[in-house]
Amino acid sequence: MVNLILVLLFFLAGLFFGVRGSISYINAYDAILLPYYKTIISIYIISLYCFIFTFCGIIIHIIFAKYFRSLSNPGKETRPVAIKKIPLFLMLLCLIVFVLSVILINQGMSFHKDSNIDPKTTKVFLIGLDGATWNVLIPLVEKGELPAFRELLNQSYWGQLRCAERATSPLVWTSIATGKVAEKHGVFDHTVREPGTYESVPVKSYHRKVKAIWNILSENKKTVGLIDWYVTFPPEKVNGYVISRLTADEKDKTYPSEIQKDIDEMNKKFITQKTEDNLFHVKEELLNDVRKLSAATSYMRGKTPTDFLGVYTHSTDAVQHYFWKYMEPQKYDYKIWGMNDSDVKKYGEVIEYHYIEVDKMIGDLTKNIDDNTMLIILSDHGAQAQTFPHVAVDVDKILDITGFLSFKNNFQEIDFSEAKAFSAGIEKNYQIKGVCLNLKGRETTGIVNPGEDEERIKSEIMKALADLKILENGENIFSKVISGKDMKEKRWEDSKIDLFAYSNDEALKEFYKTHIKIAGETFPLTDILSIDDTSGEHANEGIILMSGKNIKSKFIFPALDIKIARVLKKTAKTIFGDNTPLLVKKCFFILNFESIAPTTLDITPTILYSMGLPVGKDMDGKTIIDAFKSSFISKNPLNYINTYEGPLSTKSNKVTSTADENMLKKLKALGYIQ
């Protein structure tokens, strides 16, 4: 009886910790889970805990009975057989329930017929929604506001897509399109400083150093179409068409060029009326961006069908940057953010309305999708509340006060004929700041002599930056200042930046009530800062949804952040080493979560596999093999090629853009650049 009580206590302990673990998990991911999955997850976690604890109880019972038989059962066994089997019955019950929950988790593998499409005839339709998040989507789906998404969720492989790198849109969308990290493809920021100039310009397609999916497919006799994809201006020559900067008043933005006239005429139907209410204007302009994309995509799909079509909108990200504080006003200090109840009432549902417009676009674009097409909807990253303004040190203001730089035109423009140094134009969401010397022979109107003059001025600037302290607490503004020669990060090796300063973000937190002394004069800290007043910020978890005849219907669970997952992984490694059996991995899928969790680097390898092409071994991403039906995988094993890289005859030429200035203004408004 003692042994039975022991096993029952272990079972009850498992039940207790299982319920607690499931509640904790559901609370953590409540916004992205449909009710159906909340139930499955709860059953999974509780049954897993109960099974493990009961199993441990039985093992202890066996050891206890074997070595302490006289203590545990001094007399003749009088318990009925049924009672003796209770521990085994409990463990078996937990195991059965656990297995059933695993089957429900993978319900798509069992409930859909394996009618596969030949990868050689497979087409891909990819819709990119910058910054889209399940945290907004799922609550709207549950309210019945997004019928297109609701239908797709029931027949797709979907869940969170992890951003594998720094969540900067041009960087990540280029990684998505190449399967390679930024150190390989060369696109890091929204802007780049062109050689021989002082100005930073929006990053262009020719800054990308490797082939994108549209180049690879074109070279393999697949037709491609691109509409407004990030970093595709100027358009490259492809086996199909490219419409870059769809919503910008831009010349030469299409390939072939004759498409542009039709696109420009189409855009005239969506004119945003000017108004003194800037936020209202922004809201309407972003909605029109979605309508323009929907119209252009519908038109081009009818006019020029392609094997691969990639379309993109930045509007989902922008609307969250501008309006998040109105959607969740309870998270914000009204005084700091300049908010009032009237604006909250007026703009509180702007983000939801925008997602409804996006859902309408997706419904229109997918209603006639054919059986041979695999649909992918994804975002580069997610979004969340930015409850405290981001601040960044404006190095040019410091250089001006210390005499190394001067402005003209009422402080609107740097006078490079007088400037000894200037900031490197690194985006303000970087912790790192750069300074370039206005060096003769390197810069257009350089005034600093190379050699002794160069080293002296660099040392003076480094000392000036390193000595800057908050007067109220003595903390340094910059935690570290180094010479450009000492920078080891590959990102900066060809940047011609002469020194780097690392912002001390902790020291900047109370920026609104602290001061600083520069060149013997005291200033409010806000005088040398750039303050970002956008209220939504990037989160690491984006979205992915894949649908098609070759794709199984399955929800990808976020990482089960519970202690038992770690215990199970350690136990499996102790028992099996690095060779954990596949059966164990499938039963305890949390053991193998990292290997199946899709990332932004995995999209290009997955597209190549789905279309019957080998995956490049030099790609940093992997094929999302978990998304495909087992019958498709068995008929189409993964193939690899060393690399697709080589001469790219279709690379775009460098151009001067008529719309760069407007794009820079938008980037500043969104808080990306200073």
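Author: A salt bridge is taken here as a side-chain nitrogen of Lys or Arg within 4 Å of a carboxyl oxygen of Asp or Glu. By this rule the count comes to 25 salt bridges. The model is predicted, so local features need pLDDT of at least 70 and side-chain atom pairs count only at pLDDT 80 or more, while totals for chains, interfaces and linings use all residues. Residues are numbered from 1 along each chain as its sequence is written, and side-chain values use heavy atoms, with hydrogens and water left out.

One of the pairs joins K253 to D264, at 3.6 Å from N to O. This pair links distant parts of the chain, eleven residues apart: K253 lies in the loop between β6 (240–243) and β7 (254–255), and D264 in helix α12 (residues 259–267). Helices (H or I, at least four residues) and strands (E, at least two) are DSSP runs, numbered from the N terminus. K253 is buried at 1% relative accessibility, whereas D264 is partly exposed at 28%. Buried means under 20% relative accessible area, exposed over 50%, and partly exposed in between (1.4 Å probe, protein chains only).

In a further pair, the side chains of K331 and E328 meet at 3.1 Å, N to O. Here K331 is partly exposed, at 42%, and E328 is buried, at 18%.

E443 and R442 also form a salt bridge, their closest N and O atoms being 3.0 Å apart. E443 is buried at 8%; R442, at 26%, is partly exposed.

Finally, a network of salt bridges links K180, D618 and E645.
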